[in-house]
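Hi,

Here's the structure I promised to pass along. Have a look at it first, and then read on for my notes.

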Amino acid sequence: MRVHPPSPSLQRVAFVGEPAFQPHVPVQAAWAEVRFFPVTDGQWEPALDAARAWDANATLVFRPQDLTPELAARVPGGMRIGVIPAPLFSAEEIERLARISGPDAQGFRWLTYLETPTSPELARLPLLQTLPLPVDTARCPTGPRLDVRRMLVADWASPSAEALEDLRKLGPVDVLSSHATPEQMSQALEKAGTLVYASRDLMGRFDPLPLLAMAHGLLVIADTVFAGEWNIEPEDEFLYRPDGQWARALDEVFRMPVSFRAVRIRAWQKMREAFDASACFQRVLHDAHLFADPMAHLASLTSPRPPVAAPAAVESAAAPAAPETLGAEKLTRPSRSLAAVPN
Amino acid sequence: MKIGFLVGDIANISGGSNVILEYASRLQDLGHEAVLITPGPVKLTYPLWHPRLADLPRRSLAEAEGESFDFALATWWITFYDLWRVNARVYGYLNQSLESRFHAERHYKLLNRQTYSLPLLFVTEAKWLVEFIQTLQPEGRTLYVQNGLSRDHFPCVQAPPKRDGKLRVLVEGPWGVGFKGVPETFEVLELAAEQGVQFETGWLASSSGGQKPTVGGQPVQVHERIPINQVHQVYGQYDVLLKLSRVEGMFGPPLEMFSQGGTAITYTVTGTDEYMVHGQNSLMVEPYNHRQIVQFLRLLSTQPAYLAHLRTNALATAKAFTDWESSTRQVASGLEALHAEGWTNTHLRPALAAMSTMHGHWLDDVWRAERGGHSPLHPYVGPGEQVLLERYRQFKKSRPVRALQKLVGDDLKKSLRARLTRVLS
């Protein structure tokens, strides 16, 4: 998604939260300078102070329900937004959020919630929009490595021992520990071709691993689906298979790879189309300003040129002997070499 | 150059067919021989939905088998499986979407993906498709040309029409095609009306499917089966297009709306990144964020200055956008360069024929399995047994047997069935 460039006054955007949220924060953005301030051992003050010292114009805080009113008042910037990335059940936390958010509160102007709020108490919060935890796709490989057969399971979302044994007969299986750091998780995802995932809940709701896997170009095979409103398309972007059919599904994937490479590519594309952290947070900030004061927002905008490229035909061929171009510049993708597998 | 377009249903209005007709007719204007190759004879319905349809030479596949083409281009994915029937120097695919996403049935999805398994010449209109094709089929050749905006059918207005009164919202798309999201769009509008947003609604559809939707208790004005050269007049009556389709190629309708000085609210669907910018010329939401559409409608209905900002930039986008003449010249120069280079992939014809054969057999098997209801044919059922089973099914469906079945009570039927099973097993 392309978003109108922000007002020139929005130069530095801070993200504050536990280190586990780092893969969900843009490592860089074309629309502002961005920086992540990790909260370690539950100590919010140093992170908030560092963001303030950095002179953030806007701040997004993950799990704002963890902040006391005093801490919320210390969040820096002219626009402060709390990101609630997992379902909220505690009445006490909802009550705290009600006190520290809203147009007149000393804290957050807006909140985002990962799904449509299910209770009237949640719905009464100043929710700007629905926002599942996005993924910083810039940290992911530039294309699916379609020749990788290694399978990955997470120990917290693992198939039954019997199903796992069947998978091991088909190829190497790595087991991701629930104690893995974000770096270790990223390394495991980079080595794997398929994530096999078991869950009793809708995918992605409590656990970002399936989305991270798709952003890394893995084929996700799961015994559950994503929420329908996420529009992650079964069979086209992931495979929904009961536990007992996993080995058979993987066997199909290995024997008939052409049929399933498309699924991995589409999953990888979908993450950038609708779940990319840079685009998602840019639109959150855009809409936060727009809805807070439409006229002030309008006055702050610079006039952009029409978002239309000069017309040009672009031809590309992988064959080494192919001519350089037919019409204009050659379209190049850094992922070509990774994706180049014989059909 | 002689260029054959293998088409599906060309007689009826659709965005995909419009693209084919624009290219074919304008390649003809440039002096090339463009031919529409249809599965069978086509009966045109007058008035024609596209004014150039009657001008273009049409051949059935059977007729085209005796001819030679410089380029044979599949269009709708099913036509890929007929490419082999045509003799061509270059086999290609004018690919407008990943049409696997159009289907719910797994066997169609799997068959669709096979259409990317050979290194054809892919001509496509959207960057996401270029990326998809090149990653999936790096040995193919890909020509990316944006669709043009027809200045004949969608002449840009000078300035966004000035209007007083309520916000005017236009819905576009057929009712019965799930991924077009039309019923869902009306649900969102109903929600907005319930929440007090003030607006009026129209619906532009190739087919309304007999639906007569209402929003906030008011009937929706339906514009159905409008010839393409009159569609701009409908767009011009509205401020904003609300289109919640979940699959698009290059996504033409918002651009057409822009040309008439309207803006659009859409999902962040594939194709939007060709020309749409959130907050500049349009508003977009991720599908999971659809509740925000109501807030956007409220904003546009109460903030005329912001609506004017979007409409002005939308029109500027349409004015700056390429037209069909430019797009066709780009396609023509791309094909001419390949032709001059002597590039051919005619050696793929046997592979195309083999894939078509497998496709046919597989679909036949799926068809037979589906006809078998919940007990698909077992692999050990040979051809002889299949013939017998088919005869037996036809016998059961015959009129006298069905009449007899009606006369016999359920209890007696059960008892006879049980006895027969015991005897035969």
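Two residues are in contact here if their C-beta atoms, placed from the backbone, lie within 7 Å. On that basis, chain A puts 54 residues into the contact and chain B puts in 65 residues. Helices (H or I, at least four residues) and strands (E, at least two) are DSSP runs, numbered from the N terminus. Helix 9 of chain A gives the most to the side of chain A that touches chain B, namely nine residues. By class, that side of chain A has 29 nonpolar, 13 polar and twelve charged residues (Ala, Val, Leu, Ile, Met, Phe, Trp, Tyr, Cys and Pro count as nonpolar, Asp, Glu, Lys and Arg as charged, and the others, Gly among them, as polar).

Before you go further: this is a predicted model, where local features need pLDDT of at least 70 and side-chain atom pairs pLDDT 80 or more, while totals for chains, interfaces and linings use all residues. Residues are numbered from 1 along each chain as its sequence is written, and chains are lettered from A and ligands numbered from 1 in the order in which they are written.

Back to helix 9 of chain A: 14 of its 18 residues are buried, so the rest of the structure largely encloses it. (Buried means 20 or more other C-beta atoms within 10 Å of a residue's own, exposed 12 or fewer, partly exposed in between; C-beta atoms are placed from the backbone.)

In chain B, Ser117(B) sits in the loop between helix 3 (106-114) and strand 6 (121-124). Ser117(B) counts as partly exposed because it has 18 C-beta neighbours inside 10 Å. Its C-alpha atom is 15 Å from that of Val130(B), 13 residues apart along the chain.

Cheers
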